[in-house]
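Please read the points below with the sequence and the model side by side.

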Amino acid sequence: MTVTHDPASARTDEGAQELSSRDIVSAIERLHELGAVLRLSEAGALEAERERTPDDETMIINMGPQHPSTHGVLRLMLELQGETVLRCKPVIGYLHTGMEKTGEQLSYLQGPTNVTRMDYASPLFTELAFSMTVEQLLGIEVPERAVWIRMLMTEMNRISSHLLFMATNGMDLGAVSMMLYGWREREETLRFLQEVTGLRMNHNYIRPGGVAADLPDGWRDGVLRLLDMLPGRLAEYDTLLNGQPIWRERLQGVGVITTEECLALGVTGPILRSTGYSWDLRRDMPYLAYDEVEFDVVVGSYGDAFDRYAIRLAEIHESMRIVRQCLERMPAGDYRIQDKKVTPPPRARIDESMEALIHHFKIFTEGFKVPEGEAYVAIESPRGELGCYIVSDGSANPYRMHVRAPSFINLQSLPHLMHGGLVADAVAIISSVDPILGEVDR
Amino acid sequence: MSEESLVDGADAPAEEAVVVTETLFDVPVVHSGGQVVLHPTRVEYPALLGRLHEDGFHSAVDLCGVDFLTHPGRQLPAGLEPGRFEVVVNLINHRSRARVRLRVQVPESDPVVSSATGLYPGLDAPEREAFDMFGIVFDGHPDLTRILMPEDWVGHPLRKDYDIGRIPVQFKEAPAVRG
């Protein structure tokens, strides 16, 4: 390992990732951990100062990284006074595997295999963001059928991701039967994804230039089976959860955030929409063919954990509307671009043509070269804005590949959501943010 | 920002746009495949953020670092001195539905940029990540610590002179046939 001389580490404090006691931390840092997002008013600062309690009345505890409700390996350091959370600091990096560094070693064709493992609950979205960025750099447009297949598959994936949220959210709050139901329906959705892509998760299906394979025979039956089954099941959830006073009590008014705070923190997705702010990249900055389909952007009004749950439940219905339109309007044609530079020759040609064999071999060993430049493309994942930034130096590997992971940014809202709440509500709040730690740590 | 400037960028090929140095907010601007890219210097960067914030770019989407150690000959607007590092910031204006990208050159000898967390608190974690991965120091950041790597880690992994890890592979003889 080469270690460069590093003037930066000499000048900064590289310790103290953790939450330290109040008399050590600076005032700015403490306000930050209190969840002061925007600049505080003088009255607010005074109040925050009054909250300064002696250290012997408070306690700093670790929640995670092995806590079952932290969705993987999220570690929260909480400062408690009795049952009340005063400060909170997420400590992350336990799942860091250097995927952005790995991405620099892989060719553009291998790239989706890598990025699909970031957000493992909605893998197709990261593949889509990566592929769209590469296509932007190449300056190519994918065929219409590929666009609609991508829309169909990502909306299916959005359904499965939100169903997973329903399951884990229920489990975190003690509604264990909800967990079983959510898991059951998610498995049905994954079965469809498996029929098309061959895998339940980490599909490597959406690739630069189109998709890996055409929709299989009988795909319409698979879609229709889901569209017939889901509405009844979702109505059951509605009865089971929305109609249940315990569920509402646990979620309503818990973890409230405002629109201004969301925008300042860069928080997107269902958390931003729960504050009543209608922002969805699918409608506001359309990509694929979202400007041709009809759907509603669901917003909440209180910005609490219940709104975030209800929005995701309603978004499943909206995704089903889009899937139905994809089913009706799926165009015929090619499922990937016929560009010799990017697309390998069809399997049948390899048997009869030496040139096709060489071409195939070269694409899969050397990859294809992408013109020099840089691009950022963003899409709406189930968790918010998912962006991919690629710098190309003209070779067959990305020079720099960065993924703007919505969970990573959304986690910053945790100190704010937790401040002043009960430690029992912390579980509900983490769950309502719906972080995927693979994406947070990358 | 007007809609026209965005449309112009979409029409012009990327190579030609680099040669023509036009300015937006008194800063060189490049249209890279329809995306608006501003090139402020480190000195201009904080003031530019302030002006963009006033102009409606209320939300910072993303910040990341890039290390150009092995790719020095990249295209930049005329008169701009390339640095080893770049800090890339993506801002969004929800009202006009416009995005803008800032590329700030950071020299290797003094990798310090002023922090944007005062204006955009959402850049807190991304700046920590850029510090962790590239060793770029964000002056004025309230809590500039490593975020993804362990606290006692030495070096900055996404730098180009930081080797990737390999597990040595030893090839052994084929196992003996089981008798």
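**Note on the predicted complex**

1. Chain B has a mean pLDDT of 81, with 87% of its residues at 70 or more, where pLDDT is the predictor's confidence in each residue, from 0 to 100. This is a predicted model, in which local features need pLDDT of at least 70 and side-chain atom pairs count only at pLDDT 80 or more, while totals for chains, interfaces and linings use all residues. Residues are numbered from 1 along each chain as its sequence is written, and chains are lettered from A, with ligands numbered from 1, in the order in which they are written.

2. Among the elements of chain B, the lowest mean pLDDT, 41, belongs to helix H1 (residues 3-11), and the highest, 92, to E5(B); helices (H or I, at least four residues) and strands (E, at least two) are DSSP runs, numbered from the N terminus. Over residues 1-18 of chain B, pLDDT stays under 50, and the model has 23 contacts beyond four places in sequence for this stretch, a contact being a pair of residues whose C-beta atoms, placed from the backbone, lie within 7 Å. Where pLDDT is low, the predicted coordinates should not be read in detail.

3. For the complex, the predictor gives an ipTM of 0.82 and a pTM of 0.86.

4. How many residues does the contact take from each chain? Chain A gives 49 residues and chain B gives 43 residues. On the side of chain B that touches chain A, at least two residues each come from strand E4 (59-67), strand E5 (85-93) and helix H4 (124-134) of chain B, and E4(B) supplies the largest share, six residues.

5. Chain A contains 20 helices and eight strands. Of its 442 residues, 48% count as buried, that is, with 20 or more other C-beta atoms within 10 Å of their own, these atoms being placed from the backbone. Among the contacts in chain A with a separation of 6 or more, 69% join residues 24 or more positions apart.

6. Chain A is divided into domain 1 (19-94 + 405-426 + 434-442) and domain 2 (100-397), with bounds that come from an automatic or database domain assignment. The C-alpha centres of domain 1 and domain 2 of chain A lie 31 Å apart, and their contact takes 20 residues from domain 1 and 26 residues from domain 2. On the domain 1 side, helix H17 (406-410), helix H18 (414-418) and helix H20 (437-441) of chain A each supply at least two residues, and the largest share, four residues, comes from H17(A).

Definitions and conventions:
Buried ≥ 20, exposed ≤ 12 C-beta atoms within 10 Å, placed from the backbone. Contact = placed C-beta atoms within 7 Å.
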